[in-house]
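Colleague: I would like a close look at a single part of this model, followed by its surroundings. Please keep to what the coordinates show.

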Amino acid sequence: MFRGRSNHILDDKGRLAIPTRFREVLDRKGDDCLVVTSMDRCLWAFAKNDWQSLEDKAASMSIFDRATIDLFRGFISSAVECRIKNGRITLPPSLKEDAGLEKEVVLAGQLKKFEIWDRERWEEEFSRVKNSFPESSPSLLELRL
């Protein structure tokens, strides 16, 4: 699982170093590729096998359902396979633009995926989440920790 956060620099060519602990997760899964897509002001990065599971589930949904159409247009259509070379991936300009990525980025583990955020956007989002967490916590009772 992808856990933890780290700060990184995106170079002028859109190359991004993947943290060693995230690469180790991918190695255990036998993956040398991430599938990266745009979602909610950031990018979501999946191991290829986990992305395939998501695609398999999406493929069984009704193609005439409005929510499915929106999922395909907004989420599936922006997905790009990014090969890991020398511990880095290259993000295409379209994805960088979707997420507002400039130079400083934050990678945030999310168990089966990790997010790639513009650092300033991440700080805003993290502040929002920290402030709303006590209010949302009753919905987390199903975790039964």
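Which residues of helix α3 (residues 66–76) are buried?

Modeller: The model is a predicted one. In α3, the buried residues are T68, I69 and F75. The buried residues of this helix pack against β3, β4 and α2 (48–59). At the start of α3, D65 places a side-chain oxygen within 3.2 Å of the backbone nitrogen of A67.

Two of the packing partners, β3 and β4, belong to an open sheet of six strands. The strand order is β1-β7-β8-β4-β3-β5, and the pairing is antiparallel. The edges are taken by β1 and β5 (80–83); each has a single partner strand, so one side of each is left without a neighbour in the sheet. From one strand to the next, the twist averages 30 degrees. Between β4 and β8 the antiparallel pairing runs over four bridges, and K113 in β8 is the bridge partner of F46.

Two other helices pack on this sheet. For α1, the strands touched are β1, β3, β4, β7 and β8, and the helix direction makes about 50 degrees with that of β7. The helix α2, already named as a partner of α3, touches β3, β4 and β5, with its direction at about 100 degrees to that of β4.

Returning to I116, its contacts beyond four places in sequence are L16, C42, L43, A45, L91, L101, V105, V106 and L107.

G14 lies between β1 (5–9) and β2 (15–17), and it counts as buried because its relative accessibility is 0%. The C-alpha atoms of G14 and R128 are separated by 28 Å, the two residues being 114 apart along the chain.

Conventions: Residues are numbered from 1 along each chain as its sequence is written. This is a predicted model: local features need pLDDT of at least 70, side-chain atom pairs count only at pLDDT 80 or more; totals for chains, interfaces and linings use all residues. Side-chain values use heavy atoms; hydrogens and water are left out. Buried means under 20% relative accessible area, exposed over 50%, partly exposed in between (1.4 Å probe, protein chains only). Contact means heavy atoms within 4.5 Å. A polar contact is a pair of N or O atoms within 3.5 Å; within protein, one must be able to donate a hydrogen and the other to accept it, and residues adjacent in sequence count only if both atoms are side-chain atoms. Two strands pair if DSSP finds at least two bridges between them. Axes are lines fitted to C-alpha atoms, for helices over the stretch in contact, and angles run from 0 to 180 degrees between N-to-C directions.
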